[in-house]
Amino acid sequence: MHEADDNAEWRSNRYNTHDFLAFLLSHGKGVSPIFSVYGVFTYLFRIDWLHAVDMGVGADFLGNLFVLLEKNMPGRSETVRRQHLWQECQEYYDTHEVEDRVKSLDYKAKKGTRPPKLRSHAAGCRALIRSGYEMAQKCLSDGDPIKLAATHLWQCYQSLSHTGAMYKKQVFHQSSKAFALQYHALFLAVGDGVSWRVMPKMHLFLELCCEDTEPNLFWCYRDEDFGGSAAKQAKMRGMWKKLSAFSMHGLNMFCMKNDPPRLV
């Protein structure tokens, strides 16, 4: 997952379905029952932008970035500096009329063993990518690897809405590779073994950006939103712990709040 260049082995060494299943079995891993369905092959699966980027490399990058920016904020105490950083985010929200806002900034490394990571819902993290890019442009000097990484990640996000297929392919490939290389260089430069540590989702991000696909056609934002809505709908008090009771309660609440369908 540290190899991001064009000559990385994983870019040319691809597994077909048989090789992939053999690899799992040889490492003592279980095989998903979905592969027993006729016609299911590995090429049918797609990497989801929400989990790989919004809740993956994007959240990792913002966590490390905010730790750095917090140190450069005015104030003698950590609490005051974080309040200034939070105020910067609030101004960004108001300027760009952002709806998906986080309630607070939570990005500190836990127990010093895991790298910083922005902990929020996916939409909240996605909305702050541009904020991180703008703050990096304002606070960091030209040529700073963090500033360059922020630029490349933001270019990947911008290309999600572009319609030119060739342009999107080039941006995804070049910007994702440059972002990963800068990220790994930062990890080596800091040298504490925690900050800017490359996590496994970096490889998923690189795979996604070299698939020559359009992630906005198959990401699971609607599915995640439906799951959250269903869980909220089925929330109840009491001692009903069985799945059948939970499901029936959710269905009853849905029927109470929505008109029955009309057959025409």
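**Order of elements**

I read the chain from the N terminus, and its elements run α-α-α-α-α-α-α-α-α-α. I counted 10 helices and 0 strands; helices (H or I, at least four residues) and strands (E, at least two) are DSSP runs, numbered from the N terminus. The model is predicted: local features need pLDDT of at least 70, side-chain atom pairs count only at pLDDT 80 or more, and totals for chains, interfaces and linings use all residues. Residues are numbered from 1 along each chain as its sequence is written, and side-chain values use heavy atoms, with hydrogens and water left out.

**Extent, burial and contacts**

I took the box along the principal axes, and the C-alpha atoms of the chain fill roughly 60 × 50 × 40 Å. Of the 264 residues in the chain, 37% are buried; I use buried for under 20% relative accessible area, exposed for over 50%, and partly exposed for what lies in between (1.4 Å probe, protein chains only). I then looked up contacts, meaning heavy atoms within 4.5 Å. Among those between residues at least 6 apart in sequence, 62% join residues at least 24 apart.

**Surface and charge**

The chain exposes about 16600 Å², and carbon and sulfur atoms supply 56% of it. Accessible areas come from the Shrake-Rupley method with a 1.4 Å probe; for residues, only the protein chains shown count as cover. I noted 33 positive and 29 negative side chains, with the centres of the two sets 8 Å apart. Lys and Arg count as positive and Asp and Glu as negative, while His and the chain ends are not counted. Each charge is placed at NZ of Lys, CZ of Arg, CG of Asp or CD of Glu.

**Cysteines**

How many disulfides does the rule give? The count comes to 0, a disulfide being a pair of cysteine sulfur atoms within 2.5 Å. I checked two cysteines individually. The closest cysteine sulfur to that of Cys-125 belongs to Cys-89 and lies 11 Å away, so the distance is too far for a bond. Cys-125 counts as buried because its relative accessibility is 1%. For Cys-209, the closest cysteine sulfur is in Cys-156 at 4.7 Å, which is also too far for a bond. Cys-209 is buried too, at 4% relative accessibility.

**Salt bridges**

Side chains of opposite charge can pair when their charged atoms come close. I found 11 salt bridges in the structure, each defined as a side-chain nitrogen of Lys or Arg within 4 Å of a carboxyl oxygen of Asp or Glu.

I recorded the pair Asp-94 and Arg-101, whose side chains meet at 3.3 Å, N to O. Asp-94 is exposed at 51% relative accessibility, whereas Arg-101 is partly exposed at 33%.

Arg-130 and Glu-134 form a salt bridge at 3.1 Å, N to O. Where do Arg-130 and Glu-134 sit in helix H5 relative to one another? They are 4 residues apart in helix H5 (residues 122–139), so about one helical turn separates them. Arg-130 is partly exposed at 32% relative accessibility, and Glu-134 is partly exposed with a relative accessible area of 29%.

I also recorded Asp-142 and Lys-147, which meet in a salt bridge at 2.6 Å, N to O. Is Lys-147 buried or exposed? Lys-147 is buried, with a relative accessible area of 9%, whereas Asp-142 is exposed at 69% relative accessibility.

Finally, I noted a network of salt bridges that links Glu-70, Glu-78, Arg-82 and Lys-108.
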